[in-house]
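Good morning, colleagues. Thank you for making time for this item; please have the sequence and the model open before you.

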Amino acid sequence: MKCFDLMWKKPAVESVNGLLIQIQQCSISSPRTLPLIHARIIKSHCLQDGFLLTRLAHAYLTSDTPAPAKRIFTHFPKKPPLFLWNEMIKWYSRNRCFRESIDLYYLMASMGVRRNEFTFTFVLPACAGARSVLDGRIVHVDLVKIGYERNVFVATALVDMYCKCGEIGLARKVFDDVSSKGTAIFNAMVSGYVNNNEHGMAMAVFDSMQNSGVVSDAITMVSILQSCASLGALRRGRMIHDQIQRSSHLDINVYIGAALINMYARCGSIEDSRKVFDEMPDRDLISWTTLISGYGMHGLAKNAESLFTQMINSGIKPDAVAFVGILSSFGHCGMVDIGQNYFHRMTKEYRIEPTLEHYSCMVDMFGRAGKLDEAEEVIRTMGVAPDSGILGSLLNSCKLHLNVQVAERITEHILSIDPENAGWYVLMSNIYATAKNWNGVTKMRVLMKEKNLIKPPGWSSIEINGEIHSFLVFDQRHPDSTAIYDVMRNLESRIRIEGYVPDTSCVLRNVGEDLKLDMLCGHSERLAIAFGILRTGEGEVLRIMKNLRVCLDCHTATKFISRITGREIILRDSKRFHHFKDGSCSCGDYW
DNA sequence: TTAGGGTTAG
């Protein structure tokens, strides 16, 4: 009894310092035992010690156990310290609870709690994650009032937030107002332009970064390589690759590796992609997937399949994205049976739930191969609501295999989902035009006019000596315009002699044949090819980019051009690559 | 005791 009394009256009280050390050790080695220490704190009557509680809550948050941390925060003796507010805002933001993070910031502000630079660098990413420029602007106004806009961490978070919200102009203003810029803020601006599809601007900021002597790191390179990939700027991409290899502080890590593989593939040089892949010291799932998709884009489904098998044999498990890559490769090449087999393996062997993207690949695969019924069946039975993309892919197949009936049904469905997109009206109109159904053509044109819809113009570009030249349809703005049109007409007459027969079915209007022929000749890819022939030497490969799909007639014409000029022409359109050589195309006309 | 920017498909 005596012994019990003694224990009861004098519990084993542990010192605050001892508990602090336990928290520190525990949060590193065994965060699961944190509740045990929590219990000791309660037992030791240390619940009034703010510093100790803060460390405990912090340890809970670091080990992703927010519930007890929240309880400590809510029942904090007197007021929780600024540090704990910040850590709570950070935890919510990093765990994609953006609204909670932002609301906690508002609570803080309404209670008059002091905010510091950390508060802003934690809440701004939450505004970015929520894509809420409204909240972002409120926080921005707040931080200017308190005087943190010159802090480079805060400014970087602001730039990133505005970019992610699509407000690139506001981001640029913040960026320009920072007087002493380091690598990170430059990176935020470059990647902002990249993600907003302003690749020319990304290049310009990158150039000014290099000119002002700010060090580029791996993140800079990954971003700028994306721009090279999007612009098809192979020469520029090679220069960046050189710079990476020469640099003493940059290694080919998995990020840079994937960016390089992607850049070379999208710039038409899949051999270089392979070289980068082979030379990478470490590869992850994304390195493999990038090259597999690259092969797919280039119509090299056999290479894609062999690489996919090698990947599995090397112990890497494919994910949903890897399957999109391999399935789209098969679709592009008309390998329907193998494609179906892989789709089956994906669901049964790898237990990957198919998404709309996978179904899209299957629809495309069946559609291109002329199996329109099977393609429609996929859409009907997939159990996911179709989007306009998957229906559009089927509509495109209806054009390839001219099936007006199915096309009309699909168009009705597409327009109920996406009525403001002029592309669908144009596609259906083209199908009518191919079937010489001029009433149908008129119907689509009237519908477009009533809705005031304009199809975004097609453009093509070509890089000559590191400079990108872009052409719109019937473009006459280029200084060499007269010479370009001369080259093009000369090519047209030469390929006619070789047997090229123009296919005017992709000319929308019901006009005379002569005018239709003129309209074909003005296609942007034709202008870019003519310019390439004009400005490059024999034997040089022409690399052209087009924002839309290459039309059937330009495809045929380019095959002939490659034959009569002996030129290799690599044309990348919105879907994939067409590699023309000696009168044939790598895509096997499955586009 | 707390910070910023990055890779693959369609």
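Predicted model: local features only at pLDDT ≥ 70, side-chain atom pairs only at ≥ 80, totals over all residues.

I begin with the record. The unreviewed UniProt entry carries the annotation "repeat: PPR" for residues 182-216, 253-283 and 284-318. In the model, residues 253-283 are 74% helix and 0% strand, with 8 Å between the end C-alpha atoms.

Is S247 buried or exposed? Its relative accessibility is 18%, so S247 counts as buried, the cut-off being under 20%. Which backbone nitrogen atoms does the side chain of S247 reach? One is the backbone nitrogen of H249, 3.2 Å from a polar atom of that side chain. Another is the backbone nitrogen of L250, also reached at 3.2 Å.

Lastly, the cysteines. How many disulfides does the count give? The count is zero. A disulfide requires two cysteine sulfur atoms within 2.5 Å. For C163, the closest cysteine sulfur belongs to C165 and lies 9.4 Å away, which is too far for a bond. C163 is itself buried, at 6% relative accessibility. C398 is likewise buried, and its relative accessible area is 0%.

That concludes my presentation, and I welcome your comments.

How values were computed:
Residues numbered from 1 in each chain as written. Chains lettered and ligands numbered in written order. Heavy atoms only, no water. Buried < 20%, exposed > 50% of the residue type's maximum accessible area, 1.4 Å probe, protein only. Polar contact = N/O pair within 3.5 Å; in protein donor to acceptor, adjacent residues only side chain to side chain. UniProt positions renumbered as here; feature names shortened; annotations may be inferred. Helix = DSSP H or I, 4+ residues; strand = E, 2+ residues; numbered from the N terminus.
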